[in-house]
Amino acid sequence: MSSGILKSHPAPSLASAPFLRARRRRAQQQRQAFWFILPALIVLLFVYAGPMLYALQASFTHWVLTDIGSENDPAGLSNYTDVLQSRDFWSAVRVTVTYALSSIACGLTLGTAFALLLNLDFFWRSFFRSVMMIPMVITPAVIGIFWKLLYEQEGGVFNYFLTSLGLPPVAWLDLDHSLLSIIIMDVWQTTPFFMLVILAGLQAIDENEIDAARVDGASGFQLFRYILLPHLLPYMLIAAAFRSITIFTYKTGFFAFDIGRTAAIAWIFVVIMLVISAPLMRHLFKTSIAER
């Protein structure tokens with residue numbers, strides 16, 4: 001592969017008139033864009049900031065739904081210390097990490113493959129893009145019923161094919177296979193999300209850079225390795241960060257009705273996600289600025 005792929009272009013002179021005009025035009029476009037998105041930002045502030053602050057306040061109380069008046073019982077930091085010292089919490093973290101890493105790795109791999117395929121120019125491309133988005137728009141209740149029919153031990157679709165091949169049926173919903181079953185279902189549902197994010201990243205790549213690499217004799221693998229992958233990596237990381245969830249929060253809130261501890265768990269994971277996402281967002285913004 002020719003070194004032309006990695007060749008850097010000289011930076012334009014800061015004193016050049018075209019560069020200054022382009023810089024002023026870009027700044028004006030950014031100001032206009034800010035005013036366009038300001039109403040949405042205000043709505044999001046009220047929709048998300050209010051509940052988050054309310055949850056933060058609740059995390060410092062002994063609020064249990066079955067105990068009237070407990071929302072006014074101050075707890076200090078006891079909810080946070082109890083959660084961090086709980087074996088159930090760290091067990092849930094372990095299960096969540098296993099589930100998230102497996103699901104995200106599979107979904108990210110499949111999403112990247114489908115995004116690369118659907119970024120090609122072929123006749124039925126729009127149709128297949130629409131079909132790929134179906135799992136994202138189906139309601140969770142319908143998804144649960146649909147996959148329960150697939151996983152049924154007696155008469156389920158998966159076991160029907162297994163027995164047709166002479167293989168024994170699998171108890172997909174028992175304790176030994178439930179995590180695998182959930183991962184398979186989650187990959188099916190979330191692969192379109194990864195595909196959509198990565199496809200947006202692919203369409204933001206400068207075609208001139210790809211054409212120059214092809215002229216230099218770059219193979220398809222070299223294009224992906226040296227141009228596409230570095231550009232798509234921030235999109236992949238941000239998509240993966242947004243897909244992280246916890247099971248323990250649901251269990252504490254909807255089975256024990258312990259709102260105070262549930263809020264504390266949620267805020268612990270908010271902090272964890274901020275720690276993880278902040279470097280990714282910074283890298284994404286740096287990449288975006290550098291590409292300009």
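Modeller: A nonpolar core is a set of buried Ala, Val, Leu, Ile, Met, Phe, Trp, Tyr and Cys residues joined through side-chain atoms within 4.5 Å, and I apply that term here to a predicted model.

Colleague: Which residues of the largest nonpolar core touch the most other members?

Modeller: Of its 23 residues, those are Ala-115, Met-195, Ile-198, Leu-202, Ile-210 and Leu-223. Helix 3 (87-118), helix 8 (178-203), helix 9 (207-215) and helix 10 (220-242) each supply at least two residues of this core, and helix 10 gives the most, with seven residues.

Colleague: What does Ile-198 touch, leaving aside residues up to four places away in sequence?

Modeller: With those neighbours not counted, Ile-198 touches Leu-108, Gly-111, Thr-112, Ala-115, Leu-232 and Met-236.

Colleague: Why is Thr-112 called buried?

Modeller: Buried means under 20% relative accessible area, and Thr-112 counts as buried because its relative accessibility is 9%. Thr-112 is placed in helix 3 and, again not counting residues up to four places away in sequence, touches Ile-198, Phe-224 and Met-236.

Colleague: What makes the nonpolar surface patch of about 1,100 Å²?

Modeller: The patch is made by Phe-34, Trp-35, Phe-36, Ile-37, Leu-41, Val-43, Leu-44, Val-47, Tyr-48 and Met-52; membership requires over 30% relative accessible area, and one of these residues, Val-43, lies in helix 1 (residues 17-58).

Terms used. Residues are numbered from 1 along each chain as its sequence is written. This is a predicted model: local features need pLDDT of at least 70, side-chain atom pairs count only at pLDDT 80 or more; totals for chains, interfaces and linings use all residues. Side-chain values use heavy atoms; hydrogens and water are left out. Buried means under 20% relative accessible area, exposed over 50%, partly exposed in between (1.4 Å probe, protein chains only). Helices (H or I, at least four residues) and strands (E, at least two) are DSSP runs, numbered from the N terminus. Contact means heavy atoms within 4.5 Å. Patches are made of residues with over 30% relative accessible area and no salt bridge: like charges are joined within 9 Å, nonpolar side chains (Val, Leu, Ile, Met, Phe, Trp, Tyr) within 5 Å. Accessible areas come from the Shrake-Rupley method with a 1.4 Å probe; for residues, only the protein chains shown count as cover. A salt bridge is a side-chain nitrogen of Lys or Arg within 4 Å of a carboxyl oxygen of Asp or Glu.
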